[in-house]
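Please open the model in your viewer and keep the selection panel at hand. The tour below moves from one selection to the next and says what is found at each stop.

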Amino acid sequence: MKQMVPTRPITWCNDANQAITLIGNISWSDMQVAVSVLLESNNTSAFVATSVSNGGCDIAQATGVFFWISGLGTWNITSDIEGKKVLSSGKATISQGVWYNLELITKVQLHIFYL
């Protein structure tokens, strides 16, 4: 599946600035989430998240654990969907046109990230 929005759609509420698909329930714990991503250019990014607090019209204020990767070769772990509350960050060797697997394992209050 390719999740892509070439232009921002008309929205009826304060939604997120990025495309997002929510699956599951906020009360779940001890989970493992993985996604394969293709970063096609330097200005693309992707993320996987667990424990997302809000959905729907309240998604713009969502908190949780977000693992981001960008085509510029940076990764961030944030506690908000806007990516402003950075918990950790670093550099990775990223090539455009290559598939990467992002994986996030959550066990109670422990979070494990794989790229």
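Rings of Phe, Tyr and Trp, the last taken by its six-membered ring, count as a pair if their centres lie within 6.5 Å, and such a pair is called stacked when the planes are under 30 degrees apart, edge-to-face when they are over 60, and tilted for the rest. The model is a predicted one, in which local features need pLDDT of at least 70 and side-chain atom pairs count only at pLDDT 80 or more, while totals for chains, interfaces and linings use all residues. Residues are numbered from 1 along each chain as its sequence is written, and side-chain values use heavy atoms, with hydrogens and water left out.

Select Phe47, Phe66 and Trp68 to begin with, which form one aromatic cluster; a search of the whole structure finds three aromatic pairs. In the pair of Phe47 and Trp68 the ring centres are 4.4 Å apart and the planes stand at 40 degrees, so this pair is tilted.

β2 and β3 pair in the antiparallel sense over six bridges (two strands pair if DSSP finds at least two bridges between them), and Phe47 stands opposite Trp68 in β3.

Next, colour the nonpolar cores, which are sets of buried Ala, Val, Leu, Ile, Met, Phe, Trp, Tyr and Cys residues joined through side-chain atoms within 4.5 Å. The largest has 13 residues, of which Val37, Ala46, Ile69, Ile94 and Leu102 touch the most other members. β2 (45–50), β3 (63–70) and β6 (99–107) are the elements that give two or more residues to this core. Apart from it lies another core, of eight residues, including Phe47, Ala49, Val52 and Ile59.

Finally, centre on Ser51, in the loop between β2 and β3. Ser51 has a positive phi of about 55 degrees although it is not a glycine, and it is partly exposed, with a relative accessible area of 29%.

Definitions and conventions. Buried means under 20% relative accessible area, exposed over 50%, partly exposed in between (1.4 Å probe, protein chains only). Helices (H or I, at least four residues) and strands (E, at least two) are DSSP runs, numbered from the N terminus.
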